[in-house]
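Welcome! Please keep the view open as you read.

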Amino acid sequence: MSGQTGLLRNILPQDATAAEQCRLLGENTGNLAFWDSIERLFAPKIVPYSAEAIGGCGRVIVTDLIWIRQGACYPHLEKLVDACPIPFIPVSVGLQSGDFDPHFKLSPETVRLLKKMEERALLGVRGYYSADILERHGIRNTAVIGCPSMYRWKNAALKISAADGCKKACANFRTFYGRLSAPEKHFLRYCADRGMRFIEQTARKFLPEHAQDTAFYNYVAGWLYREAAMPLGIREWFSALDGCSFSMGGRFHGNVIALWKGIGALFLTVDSRTRELTDFFSLPSMSLSAFDPALELTAYCGLADYTAFNSRYPALYRGFKEFALKNGLAFSDAPALSYGETGIGIGK
C-alpha cells in the first residue's frame, strides 16, 4: 500500500511546561526512547490522535500497546482503527504482569481491537510470553521483535563493548509508589552511598510514606536532591549522562539510552516486562531481589558482559527488518551507528 508512514503520538509543544511535557509523554519519559528510535529508523510523519490527521497516511505505527494491564481497554485507538481503513502497526505489544502470569486475561475489547489490527498488519510483539498469551486469545499474526529502541543504531553488525570502568555510575529506579521492599531500600542506599547520578523518568516524588523510615528517607531524599535529573528530550538525556561510565537499574529504557551513549549497563529485572526484554535480547541482567549491597560497584560493572548479546544481535536485527518490510515500513536514510555514536547532529 502506498502513502506515507505515520507515527501515532502526542505532539509536544515547544512552549509546554515540564509538567505538561511529562503528561504528553505518557507520564514516563522513557517513551522518548520508543519515539526517537522509530523516527530515526523510519522517518515517519508524526500524527496526533485524530482520523483527519491520519487521513493522508498509508499505514500508521502504534506504540500505545506496549504496557497492557489485565482488563485494559483502548477505545480511542479502536475508534481510529474503525475510522481509517489502513494498517495500524503496533510495535512491542506487551503485557504487564508481575511474574509471567499464565492466566493473564485480555479484555474482550482489547482482543477485538488486536484482531482488527492483525487483519491489516503483522503485529510486533515484545517477547515470547506476550506472544503466547496473545495466541491463547486467538491472535496469531505476530512477530516477536523486542523493542525498537534496541535497533536505533540501524547496524546489524553492532558490538557493545564492556563498561569502561566505574568512575561515575548512574542509576535508575521504578516509579515511586507504595512501600519500598527491603531489596529496593538496599539498592537505593547503595546508590546514595556512592553518589550515583539518578535518572528519573516520572514526575512522582519520593515521599516519606514510601520509606516508612525517617532516617532512610532523609538520606535518600538528600541524595536525590543533589543527583537526580529528569530529562525531557534525548539531547538532554545524553547531557545528564555526561561523565558516567556505567548504568544500573530497573528501567529498561533508562539503561538503553545509556547504551546509546556508549555507557555499559546492567539491567535489574523487576517484572515480566524487563525479564521478557532482557531475555529476548540476551542482555546482561539480574533480579533486583538478588541485589547484594555487600558487593563492590566493580563487581556489578563486571556483570555487564555483552558477549551473548553480540552473538545474538545480527539474527534479531534481521528479524526486525523482516517485520518492518512485511508491513511496508521503508527504512530511512539515517546512517548506521557504531556503539558510542549517538547519531545526534548527523544525518539530520
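Predicted model: local features only at pLDDT ≥ 70, side-chain atom pairs only at ≥ 80, totals over all residues.

**Helix 2 and its surroundings**

Let us begin with helix 2, which covers residues 31-42. Helix 2 has 12 residues and spans 17 Å between its first and last C-alpha, close to the 16 Å expected at 1.5 Å a residue. How many of its residues are buried? The count is 11 of 12, so helix 2 is mostly covered. The buried residues are Asn31, Leu32, Ala33, Phe34, Trp35, Asp36, Ser37, Ile38, Arg40, Leu41 and Phe42.

The crossing of helix 2 and helix 11 is left-handed. On the helix 2 side, the contact is made by Ala33, Phe34, Asp36 and Ser37, while helix 11 brings His253, Ile257 and Trp260. Sorted by class, this contact has four nonpolar, two polar and one charged residues.

Just after helix 2, alanine 43 takes a positive phi of about 45°.

Now move to helix 4 (residues 75-83) and helix 5, whose axes come within 10 Å and cross at roughly 30°. Helix 4 passes helix 5 in a left-handed crossing. Here Leu77, Glu78, Val81 and Asp82 of helix 4 meet Glu109, Arg112, Leu113, Lys116 and Met117 of helix 5. By class, the contact has four nonpolar, no polar and five charged residues.

| Residue | Relative accessibility |
|---|---|
| Serine 97 | 6% |
| Proline 44 | 12% |
| Leucine 158 | 1% |

Are these residues buried or exposed? The cut-off for buried is under 20% relative accessible area. Serine 97 therefore counts as buried at 6%, proline 44 at 12% and leucine 158 at 1%.

Proline 44 lies in the loop between helix 2 and strand 2 (45-47). Setting aside neighbours within four places in sequence, proline 44 is in contact with Thr5, Gly6, Leu7, Ile38 and Glu39. Its C-alpha atom is separated by 9.7 Å from that of phenylalanine 331, 287 residues apart along the chain.

Serine 97 is found in the loop between strand 4 (88-90) and helix 5 (108-118). Which residues does serine 97 contact, leaving aside its neighbours within four places in sequence? They are Phe104, Tyr129, Asp271 and Ser272.

Leucine 158 has its place in the loop between strand 6 (142-144) and strand 7 (169-172). With neighbours within four places in sequence again left aside, leucine 158 is in contact with Trp153, Phe309, Asn310, Tyr313, Leu337, Ser338 and Tyr339. The C-alpha atoms of leucine 158 and leucine 329, 171 residues apart along the chain, are separated by 21 Å.

How values were computed. Residues numbered from 1 in each chain as written. Heavy atoms only, no water. Axes fitted to C-alpha atoms, helices over the stretch in contact; angles between N-to-C directions. Helix = DSSP H or I, 4+ residues; strand = E, 2+ residues; numbered from the N terminus. Left-handed = near helix turned anticlockwise from the far one by under 90°. Contact = heavy atoms within 4.5 Å. Nonpolar A, V, L, I, M, F, W, Y, C, P; charged D, E, K, R; others polar. Expected span 1.5 Å × (residues − 1). Buried < 20%, exposed > 50% of the residue type's maximum accessible area, 1.4 Å probe, protein only.
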